[in-house]
Amino acid sequence: MQASSVTPLKPVLQAVQLSKSFYSGSVNVQVLRNLSLTVNPGELTLIAGPSGCGKSTLLSLLSGLQRPDSGQTLALGVDLSELSREEMDAFRLRHTGFIFQGFNLFPALTSIEQVQLPLGYLGFSQKESKERAMNALEEVGMLHRAHMRPAQMSGGERQRVAIARAVAKSPQLLFADEPTSALDAQSGQRVINILHRIAKTHGVTILCVSHDPRLIEHADRLLHMEDGVIQKDSDISENEALGLAP
């Protein structure tokens, strides 16, 4: 009897021998060193490591916000280095969502307007974008703040609006850079719970950079970086099954 074969998952993100350096004054600082990585669909992957180890730079390269000095980045099978600036902007708009430490909300817009804005660029009608925005705000528990502006909300509430904006367009890839570091413990935990739920219920692939140890128990995979390379790659879900989770 022939054993059944399992078709391996096709990676949604791939880094192939990525290198990146920056100048600090007259000194060239090597941030990433020939780094390779694959991320499978539906994973919540956490990138951790000391400040300055290159994790935020890696996130920027994988999301197309920056270009590497050498190497290749593939997202959803697309070689990002082959895209023009306009094509890259269109790719990010259609396929990715971003959550930043500083929220990146527009001071003059209400919560629902913040969420509707990228939907308008995608061609949704006013009616469609409003419905999607309201659904997204409800999912993160912010529908009651739909008509408030950022200055009227707490940091945790602003971050939840930012998450709603990111997920309203149903992206395949979600990038989060220190999403809880500017929040108190209670607000941070709420954001972590929301990200975990989104990963599981929407099937979106989430790549998150964070120092927050509470994120580890919600991640499928933990990448520990030091000095521009991945020092350790742990499958959290596999460890849990074996009773080895941290």
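Trainee: When H3 passes H5, is the crossing left-handed or right-handed?

Mentor: This is a predicted model, and in it H3 passes H5 in a right-handed crossing.

Trainee: How close do the axes of H3 and H5 come, and at what angle do they cross?

Mentor: The axes of H3 and H5 come within 8 Å, and the crossing is at roughly 30°. Angles under 35 degrees count as roughly parallel, and therefore H3 is described as roughly parallel to H5.

Trainee: Which residues make that contact between H3 and H5?

Mentor: From H3 the contact takes Ser111, Gln114, Val115 and Pro118, while H5 brings Val161, Ala164 and Arg165. Sorted by class, the contact of H3 with H5 has four nonpolar residues, two polar ones and one charged.

Trainee: Okay, what about H3 and H4, at what angle do they pack?

Mentor: Helix H3, residues 111-121, packs with helix H4, residues 126-139, at an angle of about 125°, and their axes are 9 Å apart. That angle makes H3 oblique to H4, and the crossing of these two helices is right-handed.

Trainee: Which residues of H3 and H4 are in contact there?

Mentor: On the H3 side you will find Ser111, Ile112, Val115, Gln116 and Leu119, and the residues from H4 include Gln126, Ser129, Lys130, Arg132 and Leu137. By class, the contact of H3 with H4 has seven nonpolar, four polar and two charged residues.

Trainee: Switching to pockets, what volume does the largest pocket have?

Mentor: The largest pocket has a volume of about 410 Å³. Its lining is made of 17 residues, and Leu93, Phe98, Pro118, Arg165 and Lys169 are the ones that lie nearest its centre.

Trainee: Which elements give two or more residues to that lining of the largest pocket?

Mentor: Those elements are helix H2 (85-95), strand E6 (96-100), H3 and helix H5 (155-167), and E6 gives the most to the lining, with four residues.

Trainee: How many nonpolar, polar and charged residues are in the lining of the largest pocket?

Mentor: The lining of the largest pocket has ten nonpolar residues, along with three polar and four charged ones.

Trainee: And which residues are closest to the centre of the second largest pocket?

Mentor: The second largest pocket, with a volume of about 200 Å³, is lined by 13 residues, of which Gly64, Leu65, Gln66, Arg67 and Met88 are the closest to its centre. H2 gives the most to this lining, with four residues, and by class the lining of the second largest pocket divides into five nonpolar, four polar and four charged residues.

Technical notes
Residues numbered from 1 in each chain as written. Predicted model: local features only at pLDDT ≥ 70, side-chain atom pairs only at ≥ 80, totals over all residues. Heavy atoms only, no water. Axes fitted to C-alpha atoms, helices over the stretch in contact; angles between N-to-C directions. Parallel < 35°, antiparallel > 145°, perpendicular 65-115°, else oblique. Left-handed = near helix turned anticlockwise from the far one by under 90°. Contact = heavy atoms within 4.5 Å. Nonpolar A, V, L, I, M, F, W, Y, C, P; charged D, E, K, R; others polar. 1 Å grid on protein atoms, 1.4 Å probe; cavity = no way out; pocket = protein on both sides within 12 Å on 5 of 7 lines; lining within 4 Å. Points joined across faces, edges and corners; volume = space filled by probe spheres on them.
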